[in-house]
Amino acid sequence: MSDSLADRWRAARPPVAGLHLDSAACSRQSFAVLAAAAKHALHEAEVGGYVAAEAATPVLNAGRAAVATLCGMAEAEVVFTTGSLHALDLLLGGWPGEGRTLACLPGEYGPNLAVMAAHGFTVRPLPTLEDGRLALDDAAHLLDEDPPDLVHLTPVASHRGVVQPLAMMARLCGELGLPLVVDAAQALGQLDCAVGADAIYSSSRKWIAGPRGVGFLAVRPDLMDRLTPRLPAPEWASMSVARQLEFGEANIAARVGFSVALGEHLGCGPEKLRARLAELGALTRTALAGVDGWLVVEAVEEPSAITTLAPVDGADPKAVRDWLLVERRIVTTCASVHRAPLELTGPVLRISPHVDTTAEDLRTFADALIAATAATAA
């Protein structure tokens, strides 16, 4: 089953120029996604941008419906954005009421923290275990004793592949009556995000394998109606809050491509994709466990395709990342401290294969990592 899925995924895309192990940053788009975006751009040239956008309405609505399905929010209002950070900015910029306290993990994404601060939110850290995973019982006590105005959870971080207990946190927040906002940028496609959150946002380009420059914000109707857009429409415009948040110039071609990518994801079977990604994560961590100069951060059985390598004995993640790209055409990520400034103490190397990666690819990478570490040693 996994081989069939991998073959289908690979055949649907242009041949990779080297070895792509960076899906947590940006996955490879399919021929269908590329063609859909290009076709819309051509249609804009033929009939004008606004006419083409109106013609694309069914495709965009299908994309919104796919988002609602993946998020388990059938009634949610879905707003297209330029990406995850834009979505969080829209949500917090219109947050209802005067309350400005927010609970999140110490490993929260650095740019998210900047957006929270810009909107005047005071951040309270949630308790964690030694591996950075949420300490659920301690969190339950803390949130009950001193409830914040909202809880913000990033189920899979940018700097580490540890999976947070998203469903249990959603259940807890529901019991306590606390709004739960989920940053699913790394989770959507890897984890089941249909957990009953109040708002979920994500980007297109990661595990869903859509274009860059597009994302979404999905909000339950009761919360959406209480948001105050920074640029509210006049009463005569009769625009919903969701459409006010989405109002303005946009790359409709990218949104069309994203909608097609979402359809492909659903067509492949989200459960099968999640299972294959978890399988690849275990294979990657097993293949890299004995490489000198690096410590594999995640446990082998962690249900995530992200593997984080922390340097030991002076290995330089940035130099190794650059060497792998230039010398072997292998794409990875060096995650620097700014990704998790309250938790990360130094840069790490991140490997994130998608479902078409093979065991042979991982062996090739392990050999290249050994060479890169030796070549860049001080």
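Arg329 sits in the loop between helix H13 (317-328) and strand E11 (330-331). In this predicted model, Arg329 has a positive phi of about 55° although it is not a glycine. Most residues other than glycine have a negative phi. Arg329 has a relative accessible area of 52% and is therefore exposed, the cut-off for that class being over 50%.

## Two domains

The protein is divided into domain 1, made of residues 5-29 + 270-376, and domain 2, residues 31-268. Their C-alpha centres lie 26 Å apart. The contact takes 40 residues from domain 1 and 38 residues from domain 2.

The size of an interface is often given as the accessible area lost when the parts come together. Here domain 1 and domain 2 bury about 3,200 Å² between them, with 58% of that area on carbon and sulfur atoms. On the domain 1 side, Gln29, Arg274 and Glu343 lose the most area to domain 2, and together they account for 21% of what that side buries.

## Contacts across the interface

Across the interface of domain 1 and domain 2 there are 2 salt bridges. Polar contact is found for 18 residue pairs across the interface, both residues of each pair being at pLDDT 80 or more. On the side of domain 1 that touches domain 2, the elements giving two or more residues are helix H1 (2-11), helix H12 (270-288) and strand E13 (348-351). H12 provides the largest share of that side, 5 residues. By class, the side of domain 1 that touches domain 2 holds 22 nonpolar, 8 polar and 10 charged residues.

## Salt bridges in the whole structure

Side chains of opposite charge can pair when their charged atoms come close. The whole structure contains 15 salt bridges. One of them joins Arg28 and Asp356, with the closest N and O atoms 3.1 Å apart. This pair links distant parts of the chain, 328 residues apart: Arg28 is in the loop between strand E1 (19-20) and helix H2 (31-47), and Asp356 is in the loop between E13 and helix H14 (359-375). Arg28 and Asp356 are both buried.

Arg124 forms a salt bridge with Asp146, and the closest N and O atoms are 3.3 Å apart. Arg124 lies in strand E4 (residues 122-125) and Asp146 in the loop between helix H7 (136-145) and strand E5 (150-153), so the pair ties together parts that are 22 residues apart in sequence. Arg124 counts as partly exposed because its relative accessibility is 24%. Asp146 counts as partly exposed at 42%.

Asp131 and Arg133 form a salt bridge as well, their closest N and O atoms being 2.9 Å apart. Asp131 has a relative accessibility of 31% and so counts as partly exposed, and Arg133, with a relative accessible area of 22%, is also partly exposed. Elsewhere, a network of salt bridges links Arg64, Arg243, Glu246 and Arg255.

Notes
Residues are numbered from 1 along each chain as its sequence is written. This is a predicted model: local features need pLDDT of at least 70, side-chain atom pairs count only at pLDDT 80 or more; totals for chains, interfaces and linings use all residues. Side-chain values use heavy atoms; hydrogens and water are left out. Domain bounds come from an automatic or database domain assignment. Contact means heavy atoms within 4.5 Å. Buried area is the accessible area (1.4 Å probe) that two parts lose on being put together, summed over both. A salt bridge is a side-chain nitrogen of Lys or Arg within 4 Å of a carboxyl oxygen of Asp or Glu. A polar contact is a pair of N or O atoms within 3.5 Å; within protein, one must be able to donate a hydrogen and the other to accept it, and residues adjacent in sequence count only if both atoms are side-chain atoms. Helices (H or I, at least four residues) and strands (E, at least two) are DSSP runs, numbered from the N terminus. Ala, Val, Leu, Ile, Met, Phe, Trp, Tyr, Cys and Pro count as nonpolar, Asp, Glu, Lys and Arg as charged, and the others, Gly among them, as polar. Buried means under 20% relative accessible area, exposed over 50%, partly exposed in between (1.4 Å probe, protein chains only).
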